[in-house]
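Here's a quick briefing for anyone meeting this structure for the first time. Take a look at the model, then walk through the points below.

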Amino acid sequence: ILKRGSDLGFTWSYFGQGYFYFKGFSVEQDFKKAVELFRKAADLGNDDAQYHLGVCYHHGYGVARNEREATKFYHKAADKGHGVAAGI
């Protein structure tokens, strides 16, 4: 279902697939794949994906650790109303 939704361009599907790779739910954990999918959803305005990209950049999950990029994505998510990102 998530794959089909992604094929149709639904941001929640990109985010959902990314989260499965991020956590290793039903797939082998793959931070690089998670970042790729989070980025697709984030580029389409998904605040959860923007927040999780911030987490990836903050901790260096699947990307080089980069506080500037982390802050950028946390702010994007907070601007969209993401509660956790707003508290960072």
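A quick term before we start: a residue is called buried when its relative accessible area is under 20%, exposed when that is over 50%, and partly exposed in between. Phenylalanine 25, at 40% relative accessibility, therefore counts as partly exposed. Keep in mind that this is a predicted model.

**The nonpolar core**

- The largest nonpolar core has 21 residues, and the members that touch the most others are Phe22, Phe38, Ala49, Tyr51, Leu53, Cys56 and Tyr57.
- Which residues does phenylalanine 38 contact, once its neighbours within four places in sequence are set aside? They are Phe15, Gly18, Tyr19, Phe22, Ala49, His52, Leu53 and Cys56.

- Phe20, Phe25 and Val27 make a nonpolar surface patch of about 230 Å².
- To find phenylalanine 25, look in the loop between helix 2 and helix 3.

**Salt bridges**

- How many salt bridges does the structure hold? There are 3.
- In one of them, the side chains of lysine 33 and glutamate 36 meet, with an N to O distance of 3.4 Å. These two sit 3 residues apart in helix 3, so about one helical turn separates them.
- Lysine 33 has 27% relative accessibility, so it counts as partly exposed. Glutamate 36 is partly exposed too, with a relative accessible area of 38%.
- Glutamate 69 pairs up with lysine 72 in a salt bridge, and their closest N and O atoms are 3.1 Å apart. Being 3 residues apart in helix 5, glutamate 69 and lysine 72 are therefore about one helical turn from each other. Lysine 72 has a relative accessible area of 36%, which means that it is partly exposed.
- Arginine 65 forms a salt bridge with glutamate 67, where the closest N and O atoms lie 3.1 Å apart.
- Is arginine 65 buried or exposed? At 55% relative accessibility, arginine 65 counts as exposed, whereas glutamate 67, at 35%, counts as partly exposed.

Conventions
Residues are numbered from 1 along each chain as its sequence is written. This is a predicted model: local features need pLDDT of at least 70, side-chain atom pairs count only at pLDDT 80 or more; totals for chains, interfaces and linings use all residues. Side-chain values use heavy atoms; hydrogens and water are left out. A nonpolar core is a set of buried Ala, Val, Leu, Ile, Met, Phe, Trp, Tyr and Cys residues joined through side-chain atoms within 4.5 Å. Buried means under 20% relative accessible area, exposed over 50%, partly exposed in between (1.4 Å probe, protein chains only). Contact means heavy atoms within 4.5 Å. Patches are made of residues with over 30% relative accessible area and no salt bridge: like charges are joined within 9 Å, nonpolar side chains (Val, Leu, Ile, Met, Phe, Trp, Tyr) within 5 Å. Accessible areas come from the Shrake-Rupley method with a 1.4 Å probe; for residues, only the protein chains shown count as cover. A salt bridge is a side-chain nitrogen of Lys or Arg within 4 Å of a carboxyl oxygen of Asp or Glu. Helices (H or I, at least four residues) and strands (E, at least two) are DSSP runs, numbered from the N terminus.
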